[in-house]
Amino acid sequence: MSGTHSHSHHDHAHGDHGHSHGHGGHGHSHAPASFGRAFAIGTALNLGFVAVEAAYGIASGSMSLLADAGHNLSDVLGLGIAWTAASLGKRAPKGRYTYGLRSSSILAALLNAILLLVAIGVIAVEATGRFFTPEPVQGVTMMIVAGIGILINGGTALLFARGGKDDINIHGAFLHMAADAAISAGVVVAGFLILKTGFVWIDPAVSLIVAAIVAVGTWGLLRDSVNMSLHAAPPGIDPDEIAAFLSAEPGVAAIHDLHVWPMSTTETALTVHLVLPAGHPGDAFCGDLAHRLHHRFGIDHTTIQIETDDCGGCTLHGQSVVA
């Protein structure tokens with residue numbers, strides 16, 4: 001086996017390994033540069049609102065308000081986790097962490113999804129209990145406090161809206177805030193209906209309905225974050241399509257050991273072994289191929305190993321072979 005590798009940074013090919021570091025492209029592209037200010041504003045607003053909402057929830061006897069306060073508290077924790085991960089992801093590689101701490105954003109997305117599910121479970125249990133032990137509710141207080149919640153949570157969600165398409169960690173923060181705005185809206189509706197009808201069971205019923213809506217929205221975040229934690233190819237990137245693309249390259253006799261995985265919630269890595277004829281200009285070929293993989297599939301870090309003896313000496317031959 002002969003190994004010819006190319007090392008590329010923005011199209012520069014040199015040395016022994018095909019490596020591309022891109023900032024853009026399709027598929028799994030980078031999220032907007034920084035959401036530090038959005039995290040700071042969202043955390044501060046929600047911490048203050050949790051205290052106010054919990055106090056009024058207890059005073060008014062509203063399960064919906066207390067449920068919303070509990071969910072808001074989980075969101076403050078979720079924002080803190082996402083904010084910490086975003087900061088850790090900027091650290092340079094060091095020591096054993098040869099990729100830096102980019103993957104912390106994947107863990108943050110997974111933790112956020114779990115926090116949402118826990119909050120939903122608590123709300124569901126408490127609301128169900130209220131059906132059997134109904135308590136008087138102050139509808140006007142519910143509507144006023146929840147109305148403030150819509151403004152705070154809706155405004156915070158908008159701060160993260162533009163980054164949610166590119167980064168599931170930011171999308172998790174957006175989901176948290178949007179879910180709270182939805183719950184607050186449900187509380188307003190519950191307060192209005194209670195005032196009009198006097199039926200206190202409306203309070204826990206609305207809590208259950210909103211919890212179900214939040215659960216549906218959380219499923220996608222949980223699925224994607226678990227898949228990323230298991231190093232599945234990111235959504236929108238098809239390994240079979242990449243394999244076909246590589247196999248169609250001039251001179252490529254076979255490919256094997258193809259791997260595509262997320263390094264973080266915004267960066268994707270690829271490694272592959274290509275069988276090429278002896279004397280093939282591997283260095284320039286790898287540099288150009290890494291550049292095209294970045295622009296077509298959004299691959300940020302590409303490593304290509306060139307082999308010239310049909311994999312006879314490659315210990316990884318037979319793993320994910322595409323001939």
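Glu-249, Asp-288 and Arg-292 are joined in a network of salt bridges, a salt bridge being a side-chain nitrogen of Lys or Arg within 4 Å of a carboxyl oxygen of Asp or Glu. The structure is a predicted model, in which local features need pLDDT of at least 70 and side-chain atom pairs count only at pLDDT 80 or more, while totals for chains, interfaces and linings use all residues. Residues are numbered from 1 along each chain as its sequence is written, and side-chain values use heavy atoms, with hydrogens and water left out.

Helices (H or I, at least four residues) and strands (E, at least two) are DSSP runs, numbered from the N terminus. An α-helix has 3.6 residues a turn, so residues three or four places apart point the same way. Arg-292 is partly exposed at 27% relative accessibility, and Asp-288 is likewise partly exposed at 38%; buried means under 20% relative accessible area, exposed over 50%, and partly exposed in between (1.4 Å probe, protein chains only).

By the rule stated above, the count of salt bridges comes to six. One of them pairs Arg-102 with Glu-267, the closest N and O atoms being 2.6 Å apart. This pair links distant parts of the chain, 165 residues apart: Arg-102 is in the loop between helix 2 and helix 3, and Glu-267 in the loop between strand 4 (254-262) and strand 5 (268-275). Glu-267 is buried, with a relative accessible area of 11%. A salt bridge also forms between the side chains of Asp-203 and Arg-130, at 4.0 Å, N to O. Here too distant parts of the chain are linked, with Asp-203 in helix 6 and Arg-130 in helix 3, 73 residues apart. Both Asp-203 and Arg-130 are buried.

The nonpolar interior comes next. A nonpolar core is a set of buried Ala, Val, Leu, Ile, Met, Phe, Trp, Tyr and Cys residues joined through side-chain atoms within 4.5 Å. The largest such core has 31 residues, and those with the most contacts inside it are Leu-65, Met-142, Ile-183, Val-187, Val-214 and Leu-221. At least two residues of this core come from each of helix 2 (63-88), helix 3 (104-132), helix 4 (139-161), helix 5 (168-197) and helix 6 (202-229). Helix 6 gives the most, with eight residues. Apart from this core lies another, of 21 residues, among them Ile-255, Leu-258, Leu-276 and Phe-285.

Helix 1 (residues 36-60) has 25 residues and, at 1.5 Å a residue, should span 36 Å; its end C-alpha atoms are 36 Å apart, in agreement. The expected span is 1.5 Å times one less than the number of residues. Its buried residues include Phe-39, Asn-46, Phe-49 and Glu-53. Gly-61 follows helix 1 and has a positive phi, near 75°. In helix 7 (residues 239-247), the buried residues are Ile-242, Ala-243, Phe-245 and Leu-246. Seen down the axis of helix 7, these residues fall within an arc of 160°, so they line one face of the helix; the arc is that of the directions from the helix axis to the C-beta atoms.

His-231, in the loop between helix 6 and helix 7, has a phi of about 65°. Asp-257, found in strand 4, has a phi near 55° and is buried at 7% relative accessibility.
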